[in-house]
Amino acid sequence: DPHTVDDLLNYRLSCLLAASGAMTTRLCEGRYGITRREWRLIALLAAHGAMSPSELANRAQLERPRVSRLITELVDKGFVARLGDPDDKRRALLQLTPEGVTLYQELFPRSVGFNNQVLAALSAQELKAFEDALSKLTAQAAHIAALKPVAEKADRRHGGARKVRRA
């Protein structure tokens, strides 16, 4: 039973992400001039090919307005190109430019190296159990989220989080 925030799964995962992602974040920002979220979009485009901004937002698990801003930054930096959708002229597809592909080819192996260094703390059996548990936890969380157990929703169009009303 969690007794403090330090015991909550999401907090512990956040701490793991902060510690394990710090190396890649420093490399992204210091060497390539991109943020970790921009790197996420580049990696997804490299892995899955051209896609719509909406699909990219869904895959990245980021809000569409944020992804729109990130796409603009990546286009300005020359790593992503907007292409017309041949099936629907009103829509655009996103694709890595040759510069984006080169960045991915340089950065991904380094990210894999950092990933493997962190996972080296686990035995092969522990790693398998961790991967299985992570898959189950992710599926359970997605199931719970789909049930929409919290009715309140932030009004992001009008300045962010819902304001709490005091009686």
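Visitor: In β2, which residue is the bridge partner of Arg82?

Guide: This is a predicted model, where local features need pLDDT of at least 70, side-chain atom pairs count only at pLDDT 80 or more, and totals for chains, interfaces and linings use all residues. Residues are numbered from 1 along each chain as its sequence is written, and side-chain values use heavy atoms, leaving out hydrogens and water. Strand β1 (residues 80-85) and strand β2 (residues 88-96) pair in the antiparallel sense over six bridges; two strands pair if DSSP finds at least two bridges between them. In β2, the partner of Arg82 is Leu94.

Visitor: Through how many residues does the hairpin join β1 to β2?

Guide: β1 covers residues 80-85 and β2 covers residues 88-96. The hairpin joins these strands through two residues.

Visitor: What pattern does the protein follow, read along the sequence?

Guide: Helices are DSSP runs of H or I with at least four residues, strands are runs of E with at least two, and both are numbered from the N terminus. The secondary structure comes to six helices and two strands. Along the sequence they follow the pattern α-α-α-α-β-β-α-α.

Visitor: What percentage of the residues count as buried?

Guide: The C-alpha trace spans about 50 × 50 × 30 Å along its principal axes. Buried means under 20% relative accessible area, exposed means over 50%, and partly exposed lies in between (1.4 Å probe, protein chains only). Of the 167 residues, the buried share is 23%.

Visitor: What share of the contacts with a separation of 6 or more comes from residues 24 or more positions apart?

Guide: Contact means heavy atoms within 4.5 Å. Counting contacts with a separation of 6 or more, residues 24 or more positions apart account for 47%.

Visitor: Is α2 roughly parallel or roughly perpendicular to α3?

Guide: Axes are lines fitted to C-alpha atoms, for helices over the stretch in contact, and angles run from 0 to 180 degrees between N-to-C directions. The axes of α2 (residues 36-48) and α3 (residues 53-60) come within 10 Å and cross at roughly 110 degrees. Angles under 35 degrees count as roughly parallel, over 145 as roughly antiparallel, 65 to 115 as roughly perpendicular, and the rest as oblique. So α2 and α3 are roughly perpendicular.

Visitor: How do the residues of the contact of α2 with α3 divide?

Guide: α2 brings Arg40, Leu41, Leu44, Leu45 and His48, and α3 brings Leu56, Arg59 and Ala60. Ala, Val, Leu, Ile, Met, Phe, Trp, Tyr, Cys and Pro count as nonpolar, Asp, Glu, Lys and Arg as charged, and the others, Gly among them, as polar. The residues divide into five nonpolar, one polar and two charged.

Visitor: How do the residues of the contact of α2 with α5 divide?

Guide: α2 and α5 pack at about 105 degrees, with axes 10 Å apart, so α2 is roughly perpendicular to α5. Trp39, Ile42, Ala43 and Ala46 of α2 meet Gly100, Leu103, Tyr104, Leu107, Phe108 and Ser111 of α5. The residues divide into eight nonpolar, two polar and no charged.

Visitor: Leaving aside neighbours within four places in sequence, which residues are in contact with Ser111?

Guide: Ser111 is found in helix α5 (residues 98-119). Ser111 is buried, because its relative accessible area is 13%. Apart from neighbours within four places, Ser111 is in contact with Thr24 and Trp39.

Visitor: How far apart in space are Ala18 and Ser111, C-alpha to C-alpha?

Guide: Ala18 lies in helix α1 (residues 9-32). With a relative accessible area of 52%, Ala18 is exposed. Ala18 and Ser111 are 93 residues apart in sequence, and their C-alpha distance is 14 Å.

Visitor: What separates the C-alpha atoms of Gly113 and Thr24?

Guide: Gly113 sits in helix α5. Gly113 is partly exposed, at 29% relative accessible area. Gly113 and Thr24 are 89 residues apart along the chain, and their C-alpha atoms are separated by 9.8 Å.

Visitor: How far apart are the end C-alpha atoms of helix α6?

Guide: The expected span of a helix is 1.5 Å times one less than its number of residues. For the 23 residues of α6 (residues 124-146), that should give 33 Å. The model agrees, with the end C-alpha atoms apart by 33 Å.

Visitor: What is the phi of Gln61?

Guide: Most residues other than glycine have a negative phi. Gln61 lies in the loop between α3 and α4 (64-77), and counts as exposed at 72% relative accessibility. Gln61 is not a glycine, yet its phi is positive, at about 55 degrees.

Visitor: What phi does Lys148 take?

Guide: Lys148 is in the segment after α6. At 66% relative accessibility, Lys148 counts as exposed. Just after α6, Lys148 takes a positive phi of about 50 degrees.
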